Amino acid sequence: VTPRPARLRWAALLLGLLALAGCWDREEVNDLQVVSGVAFDAAPGGGTQVTVSIVLPQNLPAAGSGGGVGNQSAPTAALLTAEGPTLGEAVERLAQMVPGRLFWGQTRVVIVGEGLARRGIEPVVDFFLRSRTTRLLTDMVVTPGSGAALLAEAPPLRVPATDVLFEHLRRGQDVRAFVYRVAESKLTASDAILLPRVRVVPEAGGDAGGSGQTGGASQAVRVGTFLFGGAGIFRHARLVGWLDERQEVGAMWVLGEWHPEQVVLQAPDGARLGVRIQRAGVRRSARRLPDGRVGVEFRVDVAAAVHEVDRGTPPLADPGYVQALSVALARGIRGDVADALGVLRRQDVDFLGIGRTLAAYQPAAWRRLRDRWPADLDQVPVLVEVRAQLHGTGNLGWLP
Amino acid sequence: VPPPSGGETWRVRPYQLALLSFVLIAGTAVLSLPQPLVAYAGQEAWLAALLPLPVGLLPLCLLCALQRRRPGCTLAGHARAACGPLVGGALGVVWALFLASALPIVLREFADLVSGEVLPRTPQVVVLALLILVPTFMARQSLEPNAHVAGVLIPLAAGTLLFIFLPSLGAARLERMFPIAALGWGPLLQAAAPVAAFYGETALLGFVLPFCDCGPRRAFWAAALGLGAVGAVLAGATLWALLVFGPLTAHLPNTLFQVTRVAGVAEFITHLDALLVGIWVAAGLVKVSLWLLCLSLDLAQALGLAEYRPLTLPLAAFAVVAGQTWFASSAAVTKWIEQVWPFWGLSFEIGVPGAVWLATVLGEALARRGSGTAPPAGPGEDAA
């Protein structure tokens with residue numbers, strides 16, 4: 001008879017053989033087709049068209065070459081398109097077009113064409129939340145035309161379109177809508193969200209590049225043929241309208257997630273200055289007002305510094321003048337926010353999260369309002385208090 | 001009634017008891033509960049995680065009261081001593097049936113996590129078999145390896161959790177946790193029910209307390225500390241998920257792993273979920289091993305065996321088969337935990353130790369009436 005410990009060892013050995021039965025989940029890096037960006041468009045007949053930008057690693061500059069070595073004319077990404085009656089089937093057809101597996105873990109940008117956006121982006125969000133490998137911090141953008149066309153653009157410096165989109169969004173000059181935030185917005189009291197807008201314009205035409213101008217006509221930011229600025233308004237996960245550049249900036253101040261990097265300020269004496277925003281925050285609350293109504297209050301705090309003097313010779317050494325600039329900046333921000341609020345009230349879409357703030361801080365009042373929200377947006381006063389302070393004027397005090 | 005440890009004497013220090021108490025519950029509670037907590041109690045879910053802590057203390061009180069009377073006895077030993085070999089053995093078998101009904105579910109929860117997050121194409125029975133392999137050998141060794149492994153893994157897991165979660169701080173928004181105390185008691189109690197059943201798992205410490213090298217009072221506080229830590233971690237993890245995902249938390253299974261999907265260090269270190277799965281499964285092995293050990297000890301003692309080890313392999317095989325066949329999908333497991341486990345778990349976790357304690361107290365009263373003297377204090381009782 002085999003001694004007991006020996007039998008145990010045999011049993012353990014046999015059990016261990018289970019691990020040799022094959023690796024069902026083996027994934028070789030060489031077999032992965034890395035998706036860096038994806039565009040979803042409406043296809044004729046109610047279907048969905050999916051276009052992916054797949055990284056071509058063999059055409060990327062070698063590590064340590066400084067980007068100068070390699071086939072300069074070879075594309076660094078390839079586009080593939082497939083259509084299907086549902087998003088899942090379109091993705092499945094795409095998967096059949098490539099050797100190996102589509103890998104979604106490096107997808108940085110999701111572009112939604114206007115047609116699909118108006119139909120509803122729930123399937124897109126569902127796909128990204130449900131998948132095992134996707135990142136929930138993937139940016140979503142909306143384009144007035146075709147998402148596939150945007151992905152096919154060839155921006156300058158041989159940088160793939162998805163990289164241009166991602167790097168711009170990362171700078172915080174537009175609102176950002178991560179996939180999970182879009183999903184979350186559907187469950188909140190407001191049920192609305194903004195997605196940044198990206199357009200394609202011909203090389204010669206379109207708006208000039210520049211910074212957002214607070215208190216005046218804001219400008220879109222142009223990178224190659226991409227024009228950034230403005231936002232799509234989504235309610236119930238459907239595109240219902242657009243914000244222009246200034247309205248978008250106004251919304252960003254109040255949403256508090258991101259803020260413009262730089263704004264152009266028109267000084268009281270006619271001088272024009274570029275002001276860099278160093279820090280911006282918002283405190284959102286709801287309280288009962290002296291007249292008995294419940295109102296929402298946004299307190300925006302901004303710290304900024306003069307970045308450039310574009311026109312005029314402002315006396316920046318004069319503290320009184322700098323204070324006046326601060327007041328002008330605060331006034332401009334209030335104007336931006338008022339613009340955004342105007343759209344909100346006209347369209348009855350609560351993309352600033354007023355209902356959510358009410359639900360959080362005045363739940364009793366919210367219980368009375370929620371059944372008719374956002375139709376009752378008009379009944380809720382919104383107070384906007386802006387405290388802006390210019391802390392620095394740069395290293396140069398005066399230039400003749 | 002000596003425990004069926006094959007004549008070996010096991011020793012567990014009070015801090016190890018606290019760690020085992022933590023692992024025993026937290027391994028699956030922190031994994032499974034944030035989603036149903038938020039589904040029922042919304043932004044107040046983290047309060048619902050703290051509410052049922054006293055339920056976890058109740059079995060501990062009963063077990064420590066039993067330890068005072070018969071130090072060194074397991075729960076099954078107390079049952080045999082208080083009710084006799086027949087009725088006491090039957091109580092032990094009832095307890096074993098309860099443990100045998102829960103062990104496959106514990107195993108299945110870990111297997112669902114591994115299958116869902118890491119090995120989707122690997123047959124689940126293989127995952128289950130691999131997950132029970134190490135716990136079986138750990139359980140066969142004794143209680144002490146479990147205590148040592150817990151001592152290594154818990155600080156490691158805590159460090160990993162912080163490393164993973166701190167980068168997600170940027171996604172947290174305070175507004176998502178308001179309003180507080182707006183829902184009333186109904187949703188809070190509803191959310192607290194499954195949590196209470198998890199906290200009630202302290203009843204399994206009836207097979208660990210006898211080996212603690214301190215008095216019942218100190219052992220009670222050590223175990224209570226572990227339970228308190230579970231409550232704090234569960235409440236903290238639920239709150240964290242809420243601050244990041246808001247109401248979406250109620251729709252995200254394995255919530256902690258979803259948090260890793262929004263965590264990244266400087267766009268460079270991403271996909272931290274693999275790290276969390278690794279550390280979680282390692283800690284889960286201790287939990288499965290403890291459950292298997294308790295089940296084997298209890299069944300051996302209820303059947304009057306002197307050695308528990310021959311039972312470990314058959315019970316492990318049973319857990320794999322049951323874990324594979326009892327539930328058709330992970331959704332069925334979640335539903336069972338939410339709707340059946342609170343009643344099923346609590347009735348045994350409180351009912352069995354309660355019945356043994358009652359039998360012991362009644363036996364003492366009857367004996368006192370018969371002899372007319374008070375019973376002597378147990379030698380394990382603290383001076384405090």
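This is a predicted model: local features need pLDDT of at least 70, side-chain atom pairs count only at pLDDT 80 or more; totals for chains, interfaces and linings use all residues.
Colleague: What makes β12(A) and β13(A) a pair?

Modeller: Strands are DSSP runs of E, at least two residues, and helices runs of H or I, at least four. Two strands pair if DSSP finds at least two bridges between them. β12(A), residues 262-266, and β13(A), residues 272-288, have five bridges and are antiparallel. Leu265(A) stands opposite Leu273(A). Five residues lie between the strands of this hairpin, where Gly270(A) has a positive phi near 95°.

Colleague: How many bridges join β13(A) to β14(A)?

Modeller: 16 bridges, with the strands antiparallel. Val282(A) of this pairing faces Val300(A) in β14(A). Gly292(A), in the turn of this hairpin, has a positive phi of about 95°.

Colleague: Why are α1(B) and α11(B) called oblique?

Modeller: Their angle is about 120°, with the axes 9 Å apart. Angles under 35 degrees count as roughly parallel, over 145 as roughly antiparallel, 65 to 115 as roughly perpendicular and the rest as oblique. The two helices are therefore oblique to each other.

Colleague: Which residues make the contact?

Modeller: Contact means heavy atoms within 4.5 Å. Among them are Leu20(B), Val23(B) and Leu24(B) of α1(B), and Trp280(B), Lys287(B) and Trp291(B) of α11(B).

Terms used:
Residues are numbered from 1 along each chain as its sequence is written. Chains are lettered from A and ligands numbered from 1 in the order in which they are written. Side-chain values use heavy atoms; hydrogens and water are left out. Axes are lines fitted to C-alpha atoms, for helices over the stretch in contact, and angles run from 0 to 180 degrees between N-to-C directions.
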